[in-house]
Amino acid sequence: MAKKRPQKKAAGAPQVTHGEVPVVGAREPCPCGSGRRYKACHGRAAAHAVTELVQRPFEGLAGECDWVALRELVPAATAPLRLKGGLPEGVPSVTLATVLPMAWPALRRDDGSVLLALQNDTSSGDLSRDLADTLQRALDAAPGTPVAARRVPAEGPRLQDLLDAEAAFEPVVHTGFEFWVPESADGASPEVAASLERANEAAIPTVKLAGVDAAYWCETPEKNHLRWVMPHPEEELLDALARLHAAGASSLGEDTRLVGSFRAHGLVVPVWDLPSAMTAEECEKPAAEFAERLARALASDAPLTADERRARGGLTNRQVTLS
């Protein structure tokens, strides 16, 4: 077999020995001076950085569990956001929303305020970086314009770099999407009105429990559910749930049942089936009592018994990954 010729450095290509390598077209010579195309040289690392999945994109943000819930579980909700260093001039407020009309990633309203959508598709493996890029572009957008989706640079900031870590994250769950249209507006455009009608028809009634963190009751035609995003490490949480399940202490009362869990953005979301007559208010006391039982189970370091191991296997088999 013929030997491969050694690659020569591209004529005239500047050799970068210090600092970052500029981004160029995939088929262009790499600016580092290696003689290879960018996609086969430094572009490979850049592409990997963009697509590499971040398992817990909201880690480090206040209210991480509620961020996960609003991303995956809650149809209509908003939460005010506070930026590091305060709001730019001309931006009276920044608000996170589950979704926006026509699936806009963000919207700069006529009054300069910003709405940032959480449930849109993203282009990279780091949801936090994608949202931060959209937020920055919304802050710079002209009032009265939506922000389009785009491929996000790998080196951009993340939400953790833009948001005030000391500010509480306080979601407000809505019965519909009327928050899309500000009270000061005369009315929605025909496109927004049609999108609003479709969204309201598809929304599942949802209520955030007041007594425990990141637990959301929802109503469906067949039965109601409680979906509770928990911050504990997955293996420790599954052990604790197995202890309670084997002891017959994993329910939230009569005719309720722990049926499994979701895995979403690095956190586990246990799910209970509830009777159709059980309201969110009626979940408050049993949920608080369950939280106390769970805390005791999490504190145990005893090996699982045979019954607890079987219970854990059943819970694991009924786990569904959302993201």
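Me: How many of the 14 residues of α3 are buried?

Reply: 11 of the 14 are buried, so α3 is largely enclosed by the rest of the structure. Buried means under 20% relative accessible area, exposed is over 50%, and partly exposed is in between (1.4 Å probe, protein chains only). Bear in mind that this is a predicted model, where local features need pLDDT of at least 70, side-chain atom pairs count only at pLDDT 80 or more, and totals for chains, interfaces and linings use all residues. Residues are numbered from 1 along each chain as its sequence is written, and side-chain values use heavy atoms, with hydrogens and water left out.

Me: What covers those buried residues of α3?

Reply: The cover includes α2 (64–72), β2 (94–97), β3 (106–108), β4 (114–117), β5 (145–147) and α4 (159–162). Helices (H or I, at least four residues) and strands (E, at least two) are DSSP runs, numbered from the N terminus. Among the buried residues of α3 are Leu 127, Arg 129, Asp 133 and Leu 139.

Me: What span should α3 have, and what does the model give?

Reply: Its 14 residues, 127–140, should span 20 Å at 1.5 Å a residue, and the end C-alpha atoms are 20 Å apart, which agrees. The expected span is 1.5 Å times one less than the number of residues.

Me: What's going on at the start of α3?

Reply: A side-chain oxygen of Asp 126 comes to within 3.1 Å of the backbone nitrogen of Ser 128. Asp 126 also has a salt bridge with Arg 158, with the closest N and O atoms 2.7 Å apart. That pair links distant parts of the chain: Asp 126 is in the loop between β4 and α3, Arg 158 is in the loop between β5 and α4, and they are 32 residues apart. A salt bridge here is a side-chain nitrogen of Lys or Arg within 4 Å of a carboxyl oxygen of Asp or Glu.

Me: Is Asp 126 buried or exposed?

Reply: Asp 126 counts as buried, at 4% relative accessibility. Arg 158 is buried too, at 19%.

Me: Which residue does Asp 133 meet in a salt bridge?

Reply: Arg 150, at 2.6 Å, N to O. Arg 150 lies in the loop between β5 and α4 and Asp 133 in helix α3, so the pair ties together parts 17 residues apart in sequence. Asp 133 is buried at 8%, while Arg 150 is partly exposed at 41%.

Me: Switching topic, how many salt bridges are there in the whole structure?

Reply: A search finds 14.

Conventions
Contact = heavy atoms within 4.5 Å. Polar contact = N/O pair within 3.5 Å; in protein donor to acceptor, adjacent residues only side chain to side chain.
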